[in-house]
Each structure stands twice: as structure tokens, then as C-alpha cells.
Amino acid sequence: MDASITGAKADAIRQEFARRGVSISAWARTHGYSKQLVYQVLAGRKRCVRGQCHEIAVRLGLKTGVIGTVADIDALSAAGITSRPSADEEDDVP
């Protein structure tokens, strides 16, 4: 399980499903995930670092993050947007 995902968070999500009267299986079907994978994320058996596990954890509010695709990352690169300054930008700092 991702270090930011605690058992308390997963318990709170399960309680919210119960409060709303929605099954975890129905939520999984609605969002196109296998119910087994959703249960594994909630049980902490998946790391939730990438792919569907990451998406599930973000959608459920178990972790902060962005749901995106490889194409989204390619578009950022093409636009010149990076998460770290380039070596040239670092040299410009007074």
C-alpha cells in the first residue's frame, strides 16, 4: 500500500459506501474496474503507484494524485512543461 494510504482511510471509504447504500462491486462496474482490484486496493494489497490501482485510489480519495494517460505526459513534454527546472534554468537563479 502507498505510504499515504492508511487503513483508517480505507475504513472511512468502506463506511461511506455503506452510508450511501452503494456496493463496492457496483462502484467498480460503473467505473470500469474489476471488483477484485478495488477490494485489493481497499485492503492494502496493492501499492497504487500507477495504472488502474492508482486511478482507483485517487477516485476513492485514498491518495492525492492526478489521473492521466501517457498522451497527457507527451503533451506536457511537447509544450515544454516539466516538473523540474532544466540545467539552464538552474544557472539563471541569482
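Is Trp27 buried or exposed? Trp27 counts as buried, because its relative accessibility is 13% and buried means under 20% relative accessible area, with exposed over 50% and partly exposed in between (1.4 Å probe, protein chains only).

## Basis of the model

This is a predicted model, in which local features need pLDDT of at least 70, side-chain atom pairs count only at pLDDT 80 or more, and totals for chains, interfaces and linings use all residues. Residues are numbered from 1 along each chain as its sequence is written, and side-chain values use heavy atoms, with hydrogens and water left out.

## Overall build

The chain has six helices and zero strands. Read from the N terminus, its elements run α-α-α-α-α-α. Helices (H or I, at least four residues) and strands (E, at least two) are DSSP runs, numbered from the N terminus.

The chain has 94 residues, of which 23% count as buried. Among contacts with a separation of 6 or more, 39% join residues 24 or more positions apart. Contact means heavy atoms within 4.5 Å.

## Helix 2 against helix 3

Helix 2 covers residues 24-31 and helix 3 covers residues 35-43; their axes come within 8 Å and cross at roughly 120 degrees. Axes are lines fitted to C-alpha atoms, for helices over the stretch in contact, and angles run from 0 to 180 degrees between N-to-C directions. The crossing of helix 2 with helix 3 is right-handed. A crossing is left-handed if the near helix is turned anticlockwise from the far one by less than a right angle, and right-handed if clockwise.

On the helix 2 side, Ile24, Ser25, Trp27 and Ala28 take part, and they meet Lys35, Val38, Tyr39 and Leu42 of helix 3. By type, the residues of this contact are six nonpolar, one polar and one charged. Here Ala, Val, Leu, Ile, Met, Phe, Trp, Tyr, Cys and Pro count as nonpolar, Asp, Glu, Lys and Arg as charged, and the others, Gly among them, as polar. Ser25 of helix 2 is buried, with a relative accessible area of 16%. Apart from neighbours within four places in sequence, Ser25 is in contact with Lys35 and Tyr39.

In soluble globular proteins, nonpolar side chains tend to be buried together. In this model, the largest nonpolar core has 18 residues, and those with the most contacts inside it are Trp27, Val38, Val41, Leu42, Ile56, Leu60 and Leu62. At least two residues of this core come from each of helix 1 (7-20), helix 2, helix 3 and helix 4 (51-60). A nonpolar core is a set of buried Ala, Val, Leu, Ile, Met, Phe, Trp, Tyr and Cys residues joined through side-chain atoms within 4.5 Å.

Ile13 lies in helix 1 and is buried at a relative accessible area of 15%. Leaving aside neighbours within four places in sequence, Ile13 is in contact with Leu42, Leu60 and Leu62. Ile13 and Ile24 are 11 residues apart in sequence, with a C-alpha to C-alpha distance of 9.8 Å.

## Aromatic rings

The structure holds two aromatic pairs. Rings of Phe, Tyr and Trp (its six-membered ring) pair if their centres lie within 6.5 Å; planes under 30 degrees apart count as stacked, over 60 as edge-to-face and the rest as tilted. The rings of Phe17 and Trp27 are edge-to-face, because their centres are 6.3 Å apart and their planes stand at 80 degrees. This pair links distant parts of the chain, with Phe17 in helix 1 and Trp27 in helix 2, 10 residues apart.

Trp27 and Tyr33 have ring centres 6.0 Å apart and planes at 25 degrees, so the pair is stacked. Phe17 is buried at 10% relative accessibility, and Tyr33 is buried with a relative accessible area of 7%. Ring pairs link Phe17, Trp27 and Tyr33 into a cluster.

## Helix 4

The buried residues of helix 4 are Cys53, His54, Ile56, Ala57, Val58 and Leu60. Their cover includes helix 1, helix 2 and helix 3. Helix 4 is followed by Gly61, which has a positive phi, near 80 degrees.

His54, in helix 4, is buried with a relative accessible area of 14%. Beyond neighbours within four places in sequence, His54 is in contact with Cys48, Val49, Lys63, Gly65 and Val66.
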